[in-house]
Amino acid sequence: MSDAAIAHEAPEEHPTSTGLNHRKILMWAFLGSECIFFGSLITTYLVYRGKSVVGPYPSEILNIPLTSVSTFVLLMSSLAMVLALAGFERAAGAAGDVERQQQELKKGRFWLLMTAVLGTGFLGFQAYEFIEFVHHGLGLTTNLFGTTFFVLTGFHGTHVGVGVLWLVSLLVLSYFGKVKPLDVELGGLYWHFVDIVWIIIFTLIYLIPH
Amino acid sequence: MSTDATHSDEAHSTTGQYVRIAIILTILTILEVATYYVDIPYALLIPLLLVLAGMKFALVVAYYMHLRYDSKLFSGFFFFGFTIEILLLIALMVLFGIRSG
């Protein structure tokens, strides 16, 4: 398949009882369940907030400037993600115009790569933060803050890591003409979900004073 | 989106709109971080931070995840899980609040 190739929506795609794509319904149902998953971790953090009996305490080690930058990086990755989807959709819509299709596909791939790069950058910030905390004596079993913080942000980071792998897979597969706009959209929904979870974590853990 | 009967390409946000939303998200994040450095009464700070985070959440869900334009069924799936979680959070906060006196 050529470099410009893009998989188009299968015209014979079967009709559904809802008129909606089943894969997209599945993704939204999955994201609904993920709300409960992350919500449980956030609730656990809040329930045990301020109940650590030994340090280090959050006010002593949380690095707000650093986390603000990593938050901005993740927000910008969401912008890159929607621009990637727009590129793939425009490429699919320009099926009759090979030159324009190539241009749009190239843009889509570029923004997909940027999303993955920014996501990896966010993970780098998180790894640095974790290492700093360990150097300050905060581990998973040090106190209630350590346990709830590492479990919550660790699971979030794992989701970001899975998202990066997903994006890279889409990028590679797009060169073989195996990526439809819907595939990018589903990856994008997951990515934006990871972003909104961080919006909540950033406020509740970092910004609300301890 | 392109595969949904209820969703048309015309309804899609334009690139310019995506960038405008990113700018708004950035401004909201700057305001959030600013609250850390400005002395704001605690009683005012919590609602302010929650409103700012809620606005960011709503913008990403509505425009970047396209729920504003998509089928209400998708919103139903998402907010069903979200509502259960909010109820769980309130219940546990109350329960643990009572237990700890």
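Residues are numbered from 1 along each chain as its sequence is written, while chains are lettered from A and ligands numbered from 1 in the order in which they are written. The model is predicted, and local features accordingly need pLDDT of at least 70 and side-chain atom pairs count only at pLDDT 80 or more, whereas totals for chains, interfaces and linings use all residues.

Confidence is expressed as pLDDT, the predictor's confidence in each residue, from 0 to 100. Chain A has a mean pLDDT of 91, with 93% of its residues at 70 or more. Two residues are taken to be in contact if their C-beta atoms, placed from the backbone, lie within 7 Å. Where pLDDT is low, the predicted coordinates should not be read in detail.

Chain A contains six helices and zero strands, in the order α-α-α-α-α-α along the sequence. Helices (H or I, at least four residues) and strands (E, at least two) are DSSP runs, numbered from the N terminus. The C-alpha trace of chain A spans about 65 × 35 × 25 Å along its principal axes. Of the contacts in chain A between residues at least 6 apart in sequence, 84% join residues at least 24 apart. Among the 210 residues of chain A, 41% count as buried; a residue is buried if 20 or more other C-beta atoms lie within 10 Å of its own, exposed if 12 or fewer, and partly exposed in between, with C-beta atoms placed from the backbone.

Helix 4 of chain A comprises 38 residues (residues 98-135), which at 1.5 Å a residue should span 56 Å; the end C-alpha atoms are 55 Å apart, in agreement with that value. The expected span is 1.5 Å times one less than the number of residues in the helix. Buried residues of helix 4 of chain A include Trp111(A), Leu112(A), Phe122(A) and Phe133(A). Their cover includes helix 2, helix 3 (64-93), helix 5 and helix 6 (181-207) of chain A. Val98(A), also in helix 4 of chain A, is exposed, with 11 other C-beta atoms within 10 Å. The C-alpha atoms of Val98(A) and Leu204(A), 106 residues apart along the chain, are separated by 49 Å. Just after helix 4 of chain A, Gly137(A) adopts a positive phi of about 90°.

Helix 1 (residues 22-47) of chain A packs against helix 6 of chain A at an angle of about 15°, with the axes 11 Å apart. Axes are lines fitted to C-alpha atoms, for helices over the stretch in contact, and angles run from 0 to 180 degrees between N-to-C directions. The two helices, helix 1 and helix 6 of chain A, are therefore roughly parallel to each other; angles under 35 degrees count as roughly parallel, over 145 as roughly antiparallel, 65 to 115 as roughly perpendicular and the rest as oblique. Among the residues that meet are Leu31(A) and Phe38(A) in helix 1 of chain A, and Leu182(A) and Phe193(A) in helix 6 of chain A. Leu182(A) is buried, with 23 other C-beta atoms within 10 Å.

The axes of helix 1 and helix 5 of chain A come within 9 Å and cross at roughly 160°, which makes helix 1 of chain A roughly antiparallel to helix 5 of chain A. Here Leu41(A), Ile42(A), Thr44(A) and Tyr45(A) in helix 1 of chain A meet residues of helix 5 of chain A including Phe149(A) and Phe155(A).

In the loop between helix 1 and helix 2 of chain A lies Pro56(A), joined to Gly55(A) by a cis peptide bond with omega of about 0°.

The contact between the chains takes 44 residues from chain A and 41 residues from chain B. Helix 1, helix 3 and helix 6 of chain A each supply at least two residues of the side that touches chain B, and helix 3 of chain A gives the most, with 14 residues. In chain B, His66(B) lies in the loop between helix 2 (42-64) and helix 3 (72-99). His66(B) is buried, with 22 other C-beta atoms within 10 Å, and has a positive phi near 65° in a residue other than glycine.
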